[in-house]
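The structure under discussion is shown below.

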Amino acid sequence: MNYIPFSRPEIGDEEVAEVVDTLRGGWLTMGPKTERFEAAFAEYVCARHAVAVASCTAALQLSLAAAGIGPGDEVITSPMTFVSTANVVVHLGATPVFVDIAPGTLNIDHTRIERAITARTKAIVPVHFAGQACEMDAILDVARRHGLRVIEDAAHAVGAEYDGARVGSIGDATCFSFYATKNLTTGEGGMIATDDEELAQKARILRFHGISSDAWKRYSKEGSQHWEAVFVGYKENMTDIQASIGLHQLRKLDRMIERRAEIAEAYDQELKDVVEVPARLPNRRHAHHLYVVQADNRDKVREDLAQAGVGTGIHFRAVHLHAIYRERYGLRPGGFPEAGAASDRVLSLPLFPSLSGDDIRRVTEAVRRVILTQGRPWSNCG
Ligand SMILES: *Cc1c(COP(=O)(O)O)cnc(C)c1O
């Protein structure tokens, strides 16, 4: 019996041909194809600028740096995220301040944000969990009233919409991930989308050593031989090899999201009577990056599913429960009760466009069997 992984990238002949074209073309790193990918991406998310970078982690770090966040500042975010959302804040010398998730969803509780704001708060980083946008109207409103920047972690949310607006066109800057398991992949990669010309310009310079012109322009015919570092920058650019993949992934993105939505719908129907299925928030287009159920005895359920040939993921162990965050910030497990409880219960089921009808049936049958067996007292001892 074949193993169904939790995620599988959707790479076709078009991506392969484009990468080969790049490899044979003589320019491998950030260059003309990255520019084409940026332009196509900006158009897709309805943003004025898109800045291609090495990862979503880099996108977050560069956006926050370009927005002027630094030592002594506080940045509000959700504990229910990947550690990198908080790590970048720490790397900038700022302090991550966590606000618990809203009951019944895995998104930040917008009603609690205002209470966490201090004189040092500079930005809010909402995480659009699983591909479902946070309450952006309320978040933008509190940010405007307190003069805060909104930098979105949209690692799960390429193609998502909130109240008719594409994620990428809403906050001050939006950060996307093209990691291998994400909805749109370039192997590794990320993007900043923004309407803010100054932020985009600064992020472009910071992604490449703080140098004021891109390498491929410096080496081209028109390029000046002279260049100058104007910031102490980073090395976090994308390459044309990655952009080659991204150009074609973007073209099939809507189709891939539609297929993900069908699979999520099938899971809802087959599983809602045995397990807590994900909440659907109104007035949104869900990108369906993850399908996260919540279950008691999650680790045992996960083990039994693996035995049955079904791969799963855990998104995520809440940031405040990780050793370094507990120790450095004195965070207690009970500090964020909603995120703490979810952290022990979340389980991501296989979700990717090429999952077949048979695969879906195998997943739902295995989940039903495992959960129903777990519920019996004689198998519920550990
Ligand atoms: C994947 C992920 C990131 C990091 O993305 P990379 O491209 O791997 O740097 C950040 N935040 C969330 C919520 C993620 O899932």
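A crossing of two helices is called left-handed if the near helix is turned anticlockwise from the far one by less than a right angle, and right-handed if it is turned clockwise. The model described here is a predicted one.

## Helix α3 and its two partners

Helix α3, residues 56-66, and helix α4, residues 83-91, have axes that come within 9 Å and cross at roughly 40°. Because an angle under 35 degrees would count as roughly parallel, α3 and α4 are therefore described as oblique to each other, and the crossing of α3 and α4 is right-handed. On the α3 side the contact is formed by Thr57, Leu60, Gln61 and Leu64, while α4 contributes Ser84, Thr85, Val88, Val89 and His91. Sorted by class, the contact of α3 with α4 contains four nonpolar and five polar residues, with no charged residues.

Helix α3 also packs against helix α7, residues 197-206, where the axes again come within 9 Å but cross at roughly 125°. The pair α3 and α7 is therefore oblique as well, and the crossing of α3 and α7 is right-handed. Here Leu62, Ser63, Ala65 and Ala66 of α3 meet Leu199, Lys202, Ala203 and Leu206 of α7. The contact of α3 with α7 comprises six nonpolar residues, one polar residue and one charged residue.

## The pairing of α2 and α9

Helix α2, spanning residues 32-45, and helix α9, spanning residues 240-271, approach until their axes come within 7 Å, and they cross at roughly 25°. With this angle, α2 and α9 are therefore roughly parallel to each other, and α2 passes α9 in a left-handed crossing.

From α2, the residues that make the contact are Pro32, Lys33, Thr34, Arg36, Phe37, Ala40, Phe41 and Tyr44, and from α9 they are Asp240, Ala243, Ser244, Gly246, Leu247, Leu250, Arg251, Leu253, Asp254 and Ile257. The classes represented in the contact of α2 with α9 are 10 nonpolar, three polar and five charged residues.

Which residues come nearest to the ligand? Of the 16 residues around the ligand, these are Thr57, Asp153, His156, Ser177 and Lys182. Thr57 also belongs to the α3 side of the contact with α4.

For Lys182, a polar side-chain atom lies 3.2 Å from an oxygen atom of the ligand.

## Backbone exceptions

Most residues other than glycine have a negative phi, and most peptide bonds are trans. Aspartate 163, a residue other than glycine, has a positive phi near 50°, and it is found in the loop between β6 (161-162) and β7 (165-166).

The peptide bond from histidine 315 to phenylalanine 316 is cis, with omega near 0°. Phenylalanine 316 has its place in the loop between α10 (298-307) and α11 (323-329).

How values were computed. Residues are numbered from 1 along each chain as its sequence is written. This is a predicted model: local features need pLDDT of at least 70, side-chain atom pairs count only at pLDDT 80 or more; totals for chains, interfaces and linings use all residues. Side-chain values use heavy atoms; hydrogens and water are left out. Axes are lines fitted to C-alpha atoms, for helices over the stretch in contact, and angles run from 0 to 180 degrees between N-to-C directions. Helices (H or I, at least four residues) and strands (E, at least two) are DSSP runs, numbered from the N terminus. Angles under 35 degrees count as roughly parallel, over 145 as roughly antiparallel, 65 to 115 as roughly perpendicular and the rest as oblique. Contact means heavy atoms within 4.5 Å. Ala, Val, Leu, Ile, Met, Phe, Trp, Tyr, Cys and Pro count as nonpolar, Asp, Glu, Lys and Arg as charged, and the others, Gly among them, as polar. A residue is near a molecule or strand if one of its heavy atoms lies within 4 Å of it. A polar contact is a pair of N or O atoms within 3.5 Å; within protein, one must be able to donate a hydrogen and the other to accept it, and residues adjacent in sequence count only if both atoms are side-chain atoms.
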